[in-house]
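These are my notes from going through the model, kept in the order in which I looked things up.

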Amino acid sequence: MLLLVTRLHAEGNPETTPIDPFRIVGNLYYVGSADLASYLIVTPKGDILINSGLESSVPLIRSSIEKLGFRFKDIKILLISHAHWDHDAGSAEVKRGTGAQYMVMDGDVRVVESGGQKDFAYPEHRYAAAEVDRVLRDGDEVRLGGAVLVAHKTPGHTRGCTTWTLREKEDRRLLDVVIVGSWYVNPGYRLVDRPGRAPSYPGIAGDYERTFSVLKNLPCDVFLGAHGMYFNMLGKLSRVRAGSTENVWVDPLGYQAAVAERKAAFEAELMRQRRDSAGDELQQ
Ligand SMILES: [Zn+2]
């Protein structure tokens, strides 16, 4: 497999540091930065972009698409991993430049349509609001030119956090691709009900629990996510540069290990917050 990776810039902020775009498997390409992942799925009927990134990411995504020999204007559908500014702030600009249909999971629609203002954790992180053209529900399919993407609602990190799955053919083998929406409990997220301090949103802990059970059960050959760091993208790219002949993106064991590791981190945080909450009650 030939990957179009010639250069990696390791310095600076990985969210804004450009890297050369590359083909992952089949018709699926990486068009993001050194850490902020954007994916392009190319079909004969036009293309699907997952994650518009920061407002400043849009010109980089466009130039990555053009370097691969495709056209920005061919984006017909825009999807996101979740409604945080580092994945969706560029959406208004992508819609304006392409006329793409914006399809967003139900729990995240209010956030993207308010330009971040309705986010439960970061209402001060504002960006250009973008209108949603199709509201997605858990398990919905997005179809274009033979490509079929399935939207798995994996909430907690945001209310409508979405893990995308699709199948791509590589070397006559059909591969299950998983693009993890997010599995992080961010600093300041409140998972439990404490006196005078409600959870970040009602039911957030149960959402994370269900999310980890969904992720654990997704068939995965090709392991990807909303940030390159979820799946050690830079490490895998350096193996490619070093001449690895295996397909470094096929990593089912890495996927299962990462899910287990993030689940354990969530459970430890939940325990810690429950202990603190019990402490509140003892003091009263
Ligand atoms: Zn996020």
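This is a predicted model: local features need pLDDT of at least 70, side-chain atom pairs count only at pLDDT 80 or more; totals for chains, interfaces and linings use all residues.

I then went back into helix 6, which spans residues 233-241, and looked up which of its residues are buried: they are M233, K236, L237 and V240, a lysine among them. Viewed down the helix axis, these buried residues fall within an arc of 100°, so they line one face of helix 6. Next I asked what covers the buried residues of helix 6. The cover includes strand 1 (22-25), strand 2 (28-30) and strand 12 (222-225).

I turned to the zinc ion and listed its protein donors, which are NE2 of H82, ND1 of H84 and NE2 of H157, at 2.1 to 2.2 Å from the ion. Along the sequence I noted the donor spacing as H-x1-H-x72-H.

Last, I searched the whole structure for cavities of 30 Å³ or more, and the search gave 3. The largest cavity has a volume of about 60 Å³, and I noted its lining as E15, V31, G32, S33, L36, A37, S38, G53, S57, L60 and I61. Sorted by class, that lining has 5 nonpolar, 5 polar and 1 charged residues.

Key: Residues are numbered from 1 along each chain as its sequence is written. Side-chain values use heavy atoms; hydrogens and water are left out. On a 1 Å grid over the protein atoms alone, a cavity is a set of points where a 1.4 Å probe fits but cannot get out, and a pocket is an open set with protein on both sides within 12 Å along at least five of seven lines; lining residues have an atom within 4 Å of a point. Grid points are joined across faces, edges and corners, and a volume is the space filled by probe spheres set on the points. Ala, Val, Leu, Ile, Met, Phe, Trp, Tyr, Cys and Pro count as nonpolar, Asp, Glu, Lys and Arg as charged, and the others, Gly among them, as polar. Buried means under 20% relative accessible area, exposed over 50%, partly exposed in between (1.4 Å probe, protein chains only). Helices (H or I, at least four residues) and strands (E, at least two) are DSSP runs, numbered from the N terminus. The arc is that of the directions from the helix axis to the C-beta atoms. Contact means heavy atoms within 4.5 Å. Donors are N, O and S atoms within 2.8 Å of the metal (3.2 Å for Na, K and Ca); water is not among the atoms, so sites may look incomplete.
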